[in-house]
Amino acid sequence: MSSTTSIAAFESPSSPTAPTGTTGAMIARQAIVNAQQAVIGYELFNRSRASVAHTAASDVILVFTALSHAGTEDLVGKKLIFVNCTHESLAGGHLELVDPDKVVLEIPPLGHAAAEEVSMRLPILTGLRERGFHLAFNHTVLESAYAPWLPLADYIKLDLSVLAHDQLAVLINYAGRHSTAELIAEKVETAQQYDMVSSKGVQLFQGYWFSRPALVEAKLLTPAQGSIIQLINLVRNQASTDEIEEVLKKDPGLAFNLMRLINSSGFGLSREVTSFRQAVMLMGLKKLFRWAALLLTASRNGGIPSSIGSNAVVRGRLMELLAQDILPAEEADQAFVVGIFSMLDVMLSMPLASAVGLLHMPEAVAEALLHRTGVLGDLLTLTEACETSNDEIFDQTATRLGLSSQQINWAHLQALAWADHLSDEG
């Protein structure tokens, strides 16, 4: 996918709407370790059957999937992400969605090191480095034809399967004198190879001697395609934050993906985002458009009944309306977040604690979801009592919150009507 994503594909409001569901992609990761065998990063590989060829599009989907992964285990956590790139993908807008300091872009050689083409690629590589991305090259960057690229190298990978012992010695010596790059010995398969390269000063290693690539099923929560298309059109038309927030509120899958991305270590924010309004304002329209376009590309029909998503939306709206009567505005926003994410365990087929852990929510939100504590927890308990017609819990919780039956019933009717209206619009 190029950075100039076609808008025409997103203009039809009659595109089919799929229910929110989960899809999976197979991603392999292999650890890169230091001399103390501590993991400093993981190289990611797309191992999905549908993605055999390494293309610009597969680069984009790999990074996007890593950022949006909804499994119980982070693919990379706070470690560096090493991603093989095609030159065509380096100008992709998907790179605007990640914290450059977390990403190492592995730049391939050109195949035929023509000086003109090396020079032509230099501005893009320089721009990436200036934006804060780390760049890695293989040993060919030490050839004279690639001299313009060498000062940009943060890492140089030395492939032990193709380099002879005497070649390695020469290359390591040359890299030490002419670059500031850290050297990574890759395809290290024996203790003898490790001893040989480490004795020559190499400090980073990758290969079967340390770890084989481990397959991870990267689970994605896919929103309804109609919701994504609506979001794209709103962003394209520079709609207000209020209008964009309304779309996020009607689709739990869309909301989950955005909060998962913006609170992930890969996005690089120094503080947690606690509401959809904050998320929209922090991302800005340009990034929001690129993210939605990628989400549309990555989405597939899911298997979760739309009734679950609708129920989560009603919960969110009911909690928000009740919270407006008893809490400050910002906490009312958090009430909606608690309601709409209260069914993540069903949506993601995992324990709720694991699902909530993916989002790095504020403590009050997490505690409300997991333990029904605080005012937000009481509001969720009350909302569940409305669904189950549990009069005893309803009365106890309403009294604790200082809410009348009339207030609650009216808010419940408003929430149901609001959710129906949103469904009609979708």
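1. Basis. The model is predicted, so local features need pLDDT of at least 70 and side-chain atom pairs count only at pLDDT 80 or more, whereas totals for chains, interfaces and linings use all residues. Residues are numbered from 1 along each chain as its sequence is written, and side-chain values use heavy atoms, with hydrogens and water left out.

2. Overall make-up. The protein chain has 16 helices and 9 strands; these are DSSP runs numbered from the N terminus, with helices (H or I) of at least four residues and strands (E) of at least two. Of its 426 residues, 54% count as buried. Buried means under 20% relative accessible area, exposed over 50% and partly exposed in between, with a 1.4 Å probe and protein chains only. Among contacts between residues at least 6 apart in sequence, 68% join residues at least 24 apart, a contact being heavy atoms within 4.5 Å.

3. Helices H14 and H15. The axes of H14 (residues 374-388) and H15 (residues 391-401) come within 9 Å and cross at roughly 150°. Axes are lines fitted to C-alpha atoms, for helices over the stretch in contact, and angles run from 0 to 180 degrees between N-to-C directions. The two helices are therefore roughly antiparallel; angles under 35 degrees count as roughly parallel, over 145 as roughly antiparallel, 65 to 115 as roughly perpendicular and the rest as oblique. The crossing of H14 past H15 is left-handed, a term used if the near helix is turned anticlockwise from the far one by less than a right angle, with right-handed for clockwise. On the H14 side the contact is made by Val 375, Asp 378, Leu 379, Thr 381, Leu 382, Ala 385 and Cys 386, and on the H15 side by Ile 393, Phe 394, Thr 397, Ala 398, Arg 400 and Leu 401. By class, this contact has 9 nonpolar, 2 polar and 2 charged residues. Ala, Val, Leu, Ile, Met, Phe, Trp, Tyr, Cys and Pro count as nonpolar, Asp, Glu, Lys and Arg as charged, and the others, Gly among them, as polar.

4. Leu 401. This residue of helix H15 counts as buried at 11% relative accessibility. Not counting residues up to four places away in sequence, Leu 401 touches Ile 326, Val 375, Asp 378, Leu 379 and Leu 382.

5. His 412. Helix H16 (residues 405-425) holds His 412, which is buried at a relative accessible area of 18%. Leaving aside neighbours within four places in sequence, His 412 is in contact with Val 314, Leu 318 and Cys 386.

6. Helices H5 and H6. The axes of H5 (residues 225-236) and H6 (residues 241-250) come within 10 Å and cross at roughly 170°, which makes H5 roughly antiparallel to H6. Ser 227, Gln 230, Leu 231, Leu 234 and Val 235 of H5 meet Glu 243, Ile 244, Val 247 and Lys 250 of H6. These residues divide into 5 nonpolar, 2 polar and 2 charged.

7. Aromatic pairs. The structure holds 8 aromatic pairs. Rings of Phe, Tyr and Trp (its six-membered ring) pair if their centres lie within 6.5 Å; planes under 30 degrees apart count as stacked, over 60 as edge-to-face and the rest as tilted. Phe 137 and Trp 149 form a tilted pair, 5.7 Å centre to centre with 35° between the planes. Phe 137 is in strand S5 (residues 134-138) and Trp 149 in the loop between S5 and strand S6 (155-159), 12 residues apart. Phe 137 is buried at 3% relative accessible area, and Trp 149 is buried at 1%. Tyr 194 and Phe 210 are edge-to-face, 5.6 Å centre to centre with 80° between the planes. Tyr 194 lies in helix H4 (residues 191-199) and Phe 210 in the loop between strand S8 (204-206) and strand S9 (214-222), so this pair ties together parts 16 residues apart in sequence. Both residues are buried. Ring pairs also link Phe 137, Tyr 146 and Trp 149 into a cluster.

8. Positive phi. Gln 37, which is not a glycine, has a positive phi near 65°. Gln 37 sits in the loop between strand S1 (21-34) and strand S2 (39-46) and is exposed, with a relative accessible area of 52%. Arg 372, also not a glycine, has a positive phi of about 60°. Its place is the loop between helix H13 (363-371) and H14, and Arg 372 is partly exposed at 26%.
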